[in-house]
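Biologist: I would like to learn how to read a structural model feature by feature. Please give the general idea each time, then the case at hand.

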Amino acid sequence: MGRLKKDFFFIFKNMGFANACKLVLYPRICQKFGEKHAFNKAIDKFITNNFNNIVLKYSNTNLPNKTNIPNIIWVFWWQGKSSMPKVIRQCYLSICRNSNGRNVFLLDKTNINKYINLPNIFLEKLQCGKIGLTHFSDIIRVELLKKWGGLWIDAGIFVTKPIPLHQSLFFSPRLCIVPQDTPHMNQWVIGVMEAPPNMPLFNYISDILNAYWKKFDAVFHYLMFDYLIRYGYEHFTWVKELIKNRPIESPDLHFSRYTFNQEVNEKTFNKLIKDNTFLSLTYRISYPNKSKNGNNTYYSALIKKKYNKTHNF
């Protein structure tokens, strides 16, 4: 089945024929005729039309002056620490090792309710498969940061050095200066986000997600969370103010995910460690210790610290 057909029937099944046309079919047709931003425009219109009351609520928000960010790191693995795949365990250990004085809280299905009270609709839709664990974790991170603040780090993020203590209202790796035409624009990474409690950005996303899952049974896009931030960035002055003009951080964050199973190049590896506090890995890809030629892989070098005599991580 082609991608267009697959996407159309997924949205049609879960969100109706009209939304399948608006979010999948019409944008693809417009792209065929040279409209590069058709999909972004379709999503913008979808959010505005379905959640206009929330959009109006946050259109003129004032950002707080204080930046009291608690020394907390949140990590989530639904099945619990004992069920972590090897690569996820290594990532978790790297987070603990480089927390820089922050307290690391590992959340799983047994202790979530100690920190946040989720509406039953989220758990019901998780249990029946309408919300997958990936998008359930989006809900978890938003509600934790909204209530408690602190630093959220995805379980698949490897931390290479002590994480600096940030004093800004919002921290997330900014991968490049000029915004790119992607859902996250390379201006933030939802896998690493830090803020004080009750920060308007996460109040806004929380309100949207609560309203969204009451109305629909599937995400309109796998990167829906990024699109919600992007909508705020493009429509709310305060969100753009919050996100712009931050320094570059971990520009190669995504390089590691698909290359760390390859034979290591010492020069490239050392530069990666020097330039990046955060590197993204995944349990869905195998990272052997040795390449086909019997030499160390990037992953092996990372875990064994083969080329890191001058780096503290």
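Biologist: Is Ile-54 buried or exposed?

Modeller: Buried means under 20% relative accessible area, exposed over 50%, and partly exposed in between, with a 1.4 Å probe and protein chains only. Ile-54 has a relative accessible area of 7%, so Ile-54 is buried. The model is predicted: local features need pLDDT of at least 70, side-chain atom pairs count only at pLDDT 80 or more, and totals for chains, interfaces and linings use all residues. Residues are numbered from 1 along each chain as its sequence is written, and side-chain values use heavy atoms, with hydrogens and water left out.

Biologist: Which residues does Ile-54 touch, not counting residues up to four places away in sequence?

Modeller: Contact means heavy atoms within 4.5 Å. By that cut-off Ile-54 touches Tyr-204, Asp-207, Ile-208 and Ala-211. Ile-54 itself lies in helix H4, residues 52-58; helices (H or I, at least four residues) and strands (E, at least two) are DSSP runs, numbered from the N terminus.

Biologist: How many residues does the largest nonpolar core have?

Modeller: In soluble globular proteins, nonpolar side chains tend to be buried together. A nonpolar core is a set of buried Ala, Val, Leu, Ile, Met, Phe, Trp, Tyr and Cys residues joined through side-chain atoms within 4.5 Å. Here the largest one has 64 residues, and Phe-136, Leu-201 and Tyr-204 have the most contacts inside it. Helix H8 (residues 200-215) supplies the largest share of this core, 8 residues. A second, separate core of 35 residues includes Phe-158, Val-189, Leu-281 and Tyr-287.

Biologist: What is Phe-136 in contact with, leaving aside its neighbours within four places in sequence?

Modeller: The partners of Phe-136 include Phe-76, Trp-78, Ile-112 and Leu-118.

Biologist: How many aromatic pairs does the structure hold?

Modeller: Rings of Phe, Tyr and Trp (its six-membered ring) pair if their centres lie within 6.5 Å; planes under 30 degrees apart count as stacked, over 60 as edge-to-face and the rest as tilted. The structure holds 33 such pairs. In one of them, Phe-12 and Phe-17 are edge-to-face, at 6.2 Å centre to centre with 90° between the planes. Phe-12 counts as partly exposed, at 36% relative accessibility. Phe-39 and Tyr-227 are also edge-to-face, because their planes stand at 70°, with the ring centres 5.9 Å apart.

Biologist: Which parts does the pair of Phe-39 and Tyr-227 tie together?

Modeller: Phe-39 lies in helix H3 (residues 38-50) and Tyr-227 in helix H9 (residues 224-235), so the pair links parts 188 residues apart in sequence. Phe-39 is buried at 17% relative accessible area, and Tyr-227 is buried at 7%. Both belong to one aromatic cluster, whose members also include Phe-46, Trp-213 and Phe-220.

Biologist: Where do Asn-245 and Ser-250 lie?

Modeller: Asn-245 lies in the loop between helix H10 (237-243) and helix H11 (255-259), and Ser-250 lies in the loop between H10 and H11 too. Most residues other than glycine have a negative phi. Asn-245 has a positive phi, near 60°, and Ser-250 has a positive phi near 50°. Asn-245 is exposed, with a relative accessible area of 64%, whereas Ser-250 is buried at 0%.
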